[in-house]
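User: Can you walk me through a helix pair in this model? Keep it short, please.
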Amino acid sequence: MFMAHENPAGGAPLLQVAIAALISLTFLTPVLIAVLAERRGNHAVVGRLADEVGSRFGAPRWLALPSLTLFASLLSAGVGVYWDVPYHVDYGRDEGPLANPAHYLILFGLLGVFASGLLSAGLASDPLPRRTVRLRRDWRVPYGSVLITLSGAFALLGFPLDDVWHRFFGQDVTLWGPTHVLMVGGAVTAVLGAAVLAAEARQTGAHGRGMKALEFQYPLWWLLGVGAFLMEFDIGVPQFPMVSQVVILAVMGAWPLVWARSAFGPGGALLAAAAFLAARGVLMVLASDLAGRSPHHFPLIAGQ
């Protein structure tokens, strides 16, 4: 009876909104400064680091360093999501975007995805692919840079919109809330931007094992990202009939494994699947054993 009469929580306390805005400003300001410095021809620390990382991976500066920052950001967001969902299963609603520690990891991850796209655009210089987006007379950027930036912007927009949603409709505890889908889906789409960026780098003559190492991660991140949409089934609290999610199973299981096979030859799909299961095992330990939350069971997608 108590639960039946409990009013759903509204939006976040304004203090939390202010803190989240301050974190975002503090995080993105150095990135914007670095981008402006690069466009003015001042190759400071970030530019030199991008050149060094690019030479080690045999990739253009606008691919190598942003790829590493993107993967670090996806790791932060991924750990946050895989921690956050069991948290809500155990404790129900929370009040505000910073009400539990997993939300900080998600926020930093989404900021990092957006910043990676900005960084790639800021570092864009010859050699460039055959077709580019012209932002200014002297500034052309690869399509992959634009796709990562837009995907990160959509994902990041979901964070403040989540509070607006809760103010209008109360708190929900499903991963399938529209703003949650916006955040997860935007971050996952950035993986496609990275793949496009790598294909554009190939047009400039990039090659070698470093490029292979970068490209191998794309199917893996796609598997982990889209797999987050099915996480509630893995925990044992399905929100929708499993039969309604056959499209997700196909998009998650069939397409990225075919992608891995075509990109890396025989055994590529098996290698990607093994890496996915290993990564899910690590996330299971982090979110369940170390954080003391409801356990993730063996991912149902593996049976497909």
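This is a predicted model: local features need pLDDT of at least 70, side-chain atom pairs count only at pLDDT 80 or more; totals for chains, interfaces and linings use all residues.

User: At what angle do α7 and α8 cross?
Analyst: Roughly 160°, and their axes come within 10 Å. Helix α7 covers residues 178-203 and α8 covers residues 209-227. Axes are lines fitted to C-alpha atoms, for helices over the stretch in contact, with angles from 0 to 180 degrees between N-to-C directions. Helices are DSSP runs (H or I, at least four residues), numbered from the N terminus. So α7 is roughly antiparallel to α8 (the angle is over 145 degrees).

User: Which residues make the contact?
Analyst: Among them are Val184, Val188 and Val191 of α7, and Tyr218, Trp221 and Trp222 of α8. Contact means heavy atoms within 4.5 Å.

User: Is Val191 buried or exposed?
Analyst: Buried, with a relative accessible area of 3%. Buried means under 20% (1.4 Å probe, protein chains only).

User: What does Val191 touch, leaving aside neighbours within four places in sequence?
Analyst: Val191 is in contact with Leu74, Tyr218, Trp221 and Trp222. Its C-alpha atom is 9.0 Å from that of Gly225, 34 residues apart along the chain.

User: New topic. Where is Ser67 found?
Analyst: In helix α4, residues 61-91. Ser67 is buried, at 2% relative accessible area. Leaving aside neighbours within four places in sequence, Ser67 is in contact with Leu214 and Tyr218.

Terms used:
Residues are numbered from 1 along each chain as its sequence is written. Side-chain values use heavy atoms; hydrogens and water are left out. Helices (H or I, at least four residues) and strands (E, at least two) are DSSP runs, numbered from the N terminus. Angles under 35 degrees count as roughly parallel, over 145 as roughly antiparallel, 65 to 115 as roughly perpendicular and the rest as oblique. Buried means under 20% relative accessible area, exposed over 50%, partly exposed in between (1.4 Å probe, protein chains only).
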